[in-house]
Amino acid sequence: MVLRLLSKTVIHAYESTALYHELYKGLDPERVISPSDLERLPFVDKHLIKEAGARAVASGLNCVAIQNTSGTSGELLFLQRSQEEFSFIQAFYQELIRRIAPTGPRAILLLLDVPGHGTPTPVPTTNFVLQSSIVSKFGAARTEQILKNRYDMEGIEPHVSSLAGSLSQIIILTNYLESENSLLPGLEIKRISVTSDYMSPAIRRRLARYWRCDNIVDRYSLSEMFGGASSCTQCGGFHFDPILVPELVTLGSLKVTRSGSGRLALTSLYPFVQMQPLIRYLTDDVFELRPSPCVASSYFYLGRVGHCLIDTFGSQDVLISGSALYDTLDEYPFVVRQPASELAGQGRTSTGKPFVRGSQSFKDGRRLVVLAVAVHPDALFSAHEKRKHEEGVRTTLLRRSPHMRALVSGGEASLAVEFVTMDDQALKTFDRQAVIWTSA
Ligand SMILES: [Zn+2]
């Protein structure tokens, strides 16, 4: 099915948008029939789509919604969605539910999100969905009531049994309930699905412990794309939905790679996306393809481009990934984090990313990498303990970074980790993009 839709996707974009018509001229777009044929076509990115404006929008469709990106990487990108694609998605998922939906009462899902991406694409689901968002204590108390309530409705289960939403909202809810010592009798959460942010093992363990639920799925998604990828407990990686075509490209020369790490490019398939086709859309995210026991390819998330230390002068390998950094630092409660909201808490319970800065320089043919980690001024440890923790971070980070480890043991690089305390002014210089690595 994917092959047929891929061919239609390229032809639709070529015939109905001025941008792709220009980009694909002379490239035989009608001969793109398999994912490897995509390599003949150029990439597009957020900047190009934004610049193209109406020229990137397909003609002859009825716009009914505007969606936008989160803005974490700078400017917002606005995308138009049509009645035609919304109607197709409705019909497609209704048919899917008719064929595979379980019998019996419908489960209640609590969806926690802060609206920020424009009008969402409505997607039919087998769950009965209750919505809430937490931006204040009042919102947290209301959400607690939604969880505690018993619902006496025919064909519906009596209690909420699934949680879904952005990772920060789910952490805020967990923090709130923990601080209130709230008892939730009758509540049994069978599934948690989180989006929007990378979930490190430390955060996963914390959610699993509090909710007594091991079925936690991390969803990778982009507001630009319909569909995404889900984490898999079997292989530990992500599997992309079959309505997207993923490609990994080398970080320097943008050549397609079928193993190792690379920047992710995505193609969203027609007719799920019609009005704003995105073909070979370069994301800011780095993944690694690893051998997998699963049928679908396993993609491991390494972080945003700016969060990864990349060997731009040599192999193009990821020397230290953003995910290795977060996996390591999330284990240390005294690391300062971005305050995501007044309810976010600090230390271990904060929803924000750790404040960390890395720099690399070159001296006498060696790469010198220094990582400065912001720690709370009131973190009480002796000079000896501080050194022990710094060494702990360094050792764990190297264990999770095979390319960097090889350079360090070969004498070609050094890694130093230092804990620093920063005043409020210094902390304000960390922006939402949170670019970590700089080169000198
Ligand atoms: Zn798997």
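This is a predicted model: local features need pLDDT of at least 70, side-chain atom pairs count only at pLDDT 80 or more; totals for chains, interfaces and linings use all residues.

Residues are numbered from 1 along each chain as its sequence is written, and side-chain values use heavy atoms, with hydrogens and water left out.

Let's start with the second largest pocket, which has a volume of about 690 Å³. By pocket I mean, on a 1 Å grid over the protein atoms alone, an open set of points where a 1.4 Å probe fits, with protein on both sides within 12 Å along at least five of seven lines. Grid points are joined across faces, edges and corners, and the volume is the space filled by probe spheres set on the points.

What lines the second largest pocket? There are 41 lining residues, meaning residues with an atom within 4 Å of a point. R290, F300, Y301, L302 and S323 lie nearest the centre. Among the elements that give two or more residues to this lining are α7 (201-211), β13 (281-290), α8 (322-329) and α10 (402-409). The top contributor is β14, with four residues. Helices here are DSSP runs of H or I with at least four residues, strands are runs of E with at least two, and both are numbered from the N terminus.

By class, the lining splits into 17 nonpolar, 17 polar and seven charged residues. Nonpolar covers Ala, Val, Leu, Ile, Met, Phe, Trp, Tyr, Cys and Pro; charged covers Asp, Glu, Lys and Arg; the others, Gly among them, are polar.

Now please look at helix α8, where we find D327 and T328. T328 counts as buried because its relative accessible area is 1%; the cut-off for buried is under 20%, with exposed over 50% and partly exposed in between, using a 1.4 Å probe and protein chains only. D327 is buried too, at 12%.

D327 touches Y198, S200, P201 and R400. The C-alpha atoms of D327 and I203 are separated by 9.0 Å, although the two residues are 124 apart along the chain.

Moving on, D330 sits in the loop between α8 and β17 (356-363). D330 is buried, at 10% relative accessible area, and its contacts beyond four places in sequence are S200, A202, I203, R337 and P354. Q338 lies in the loop between α8 and β17 as well, and counts as buried at 16%.

Finally, the sheet. Four strands form an open sheet in the order β19-β18-β17-β20, with mixed pairing; two strands pair if DSSP finds at least two bridges between them. The edge strands, each pairing on one side only, are β19 (413-420) and β20 (437-439). From one strand to the next, the twist averages 20 degrees. β17 and β18 (residues 366-374) pair in the antiparallel sense over eight bridges, and V356 stands opposite V373 in β18.

Axes are lines fitted to C-alpha atoms, for helices over the stretch in contact, and angles run from 0 to 180 degrees between N-to-C directions.

Definitions and conventions:
Contact means heavy atoms within 4.5 Å.
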